[in-house]
Amino acid sequence: MHQGVSGNLRGGALMAIAAVIFAAEALAIRVMTARGIPVEVQVFARSLGQLLWVAPLIMATGRAVFRTGRPGLHLLRGMSSLLTWGFYYASFGPLDLATATVLSFTNVMFTTLLAGPVLGERVDGWRWAGTVAGFVGVAVMLRPGTTVSMAGVALALASAVTWCGITLSSRVLAQQDRNTTIMAWVGLVTSLGSAPFAVIAWVPLAALDYVILLAVAAVAPAIIWLITSAYRHGEASAIAPFQYLRLIFVTGFGWLFFREVPDAWTWAGAAVILAGALIVTIAESRRRLPPPMSRKSPEGPGN
């Protein structure tokens with residue numbers, strides 16, 4: 001029992017650190033956008049960072065790290081990541097940090113809707129309840145007369161939908177491929193896919209712009225490593241809710257650096273979305289709880 005509690009504490013701590021990095025990435029996106037760095041260039045830097053994280057393994061093993069029996073599914077997973085990052089990064093331009101982050105949580109609702117027809121999974125009552133609550137929360141946030149940018153909302157929700165491609169493909173790939181193979185394919189596909197757009201959108205950058213891009217490329221890929229490690233240490237049902245701490249950090253960053261304070265309706269909708277996401281996450285983690293040392297993490301935003 002003590003070992004289980006200790007593992008949950010370590011897993012929760014790692015998940016909390018991942019939440020901080022998620023929030024720092026969101027802050028960096030807002031800063032880069034404000035400085036005029038094109039979203040296409042931001043996504044290309046993020047993609048290169050993913051590839052560089054597995055570069056030592058690629059140099060050590062050569063093409064072996066890319067060996068897989070399902071290259072088409074890896075291509076789908078990589079393209080899903082590219083679209084998700086593109087929509088996610090673009091949503092922080094018209095939306096405040098907290099609103100963009102809250103809307104990204106709807107990915108668990110869309111995944112629930114698709115898990116049945118795509119993977120043949122049985123969706124229980126708790127997951128349906130959380131899904132309905134999440135969409136009610138979106139409706140509350142987007143009530144008539146709201147000043148929230150509809151273009152920004154569309155981008156955030158598009159990111160949540162394409163995020164399903166990451167989650168659902170990862171569930172299949174994780175059954176036979178290593179995390180390093182998945183990360184290598186994601187880095188390769190997203191780098192090649194985003195490069196042409198980055199070239200077309202390129203603008204002259206200042207030295208500080210390069211520093212910020214380098215920091216995002218170097219740090220953001222750590223999120224998947226932290227989440228994977230968290231699920232190896234602790235019980236999924238105990239540590240999964242820690243990922244939602246990023247809303248607290250993001251909201252704090254938004255207030256501290258941009259004086260962004262969501263209104264009461266936005267907070268009300270956010271609370272309902274967060275409650276729905278928590279219900280779905282806990283129900284999902286309890287349903288799919290594997291042995292402690294063989295746990296595979298669900299994929300999160302930015303992976």
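Tutor: Phenylalanine 258 is partly exposed, with a relative accessible area of 31% (buried is under 20%, exposed over 50% and partly exposed in between, with a 1.4 Å probe and protein chains only), and phenylalanine 258 has its place in helix H13, residues 246-258 (helices are DSSP runs of H or I, at least four residues). The model is predicted, with local features needing pLDDT of at least 70, side-chain atom pairs counting only at pLDDT 80 or more, and totals for chains, interfaces and linings using all residues. Numbering starts from 1 along each chain as its sequence is written, and side-chain values use heavy atoms, leaving out hydrogens and water.

A search of the whole structure finds four salt bridges (a Lys or Arg side-chain nitrogen within 4 Å of an Asp or Glu carboxyl oxygen). One of them joins the side chains of arginine 46 and glutamate 25, at 3.6 Å from N to O. Because arginine 46 lies in helix H2 (residues 39-53) and glutamate 25 in helix H1 (residues 2-34), this pair ties together parts that are 21 residues apart in sequence. Arginine 46 is buried, at a relative accessible area of 0%, and glutamate 25 counts as buried too, at 4%. The charged end of arginine 46 also sits over the ring of tryptophan 85, 4.4 Å from its centre (the criterion being NZ of Lys or CZ of Arg within 6 Å of the ring centre and within 35 degrees of the ring normal), so arginine 46, with its 0% relative accessible area, is buried while taking part in both arrangements. Arginine 246 lies over the face of phenylalanine 22, at 4.5 Å from the ring centre.

Another salt bridge is formed by arginine 30 and glutamate 260, whose closest N and O atoms are 2.3 Å apart. It links distant parts of the chain, with arginine 30 in helix H1 and glutamate 260 in the loop between H13 and helix H14 (264-287), 230 residues apart, and both of these residues are buried. Arginine 143 and aspartate 263 also form a salt bridge, with the closest N and O atoms 2.9 Å apart. Since arginine 143 is in the loop between H7 and H8, and aspartate 263 is in the loop between H13 and H14, the pair ties together parts that are 120 residues apart in sequence. Arginine 143 counts as buried at 16% relative accessibility, whereas aspartate 263 is partly exposed at 32%.

Turning to the rings, a search of the whole structure finds seven aromatic pairs (Phe, Tyr or six-membered Trp rings with centres within 6.5 Å; planes under 30 degrees apart are stacked, over 60 edge-to-face and the rest tilted). The rings of phenylalanine 110 and phenylalanine 135 have centres 5.2 Å apart and planes at 65 degrees, so this pair is edge-to-face. Phenylalanine 110 belongs to helix H6 and phenylalanine 135 to helix H7 (residues 125-141), so parts 25 residues apart in sequence are tied together. Phenylalanine 110 is buried at 18%, while phenylalanine 135, at 29% relative accessibility, is partly exposed. Ring pairs also link Tyr88, Tyr89 and Phe92 into a cluster.

Conventions:
Helix = DSSP H or I, 4+ residues; strand = E, 2+ residues; numbered from the N terminus.
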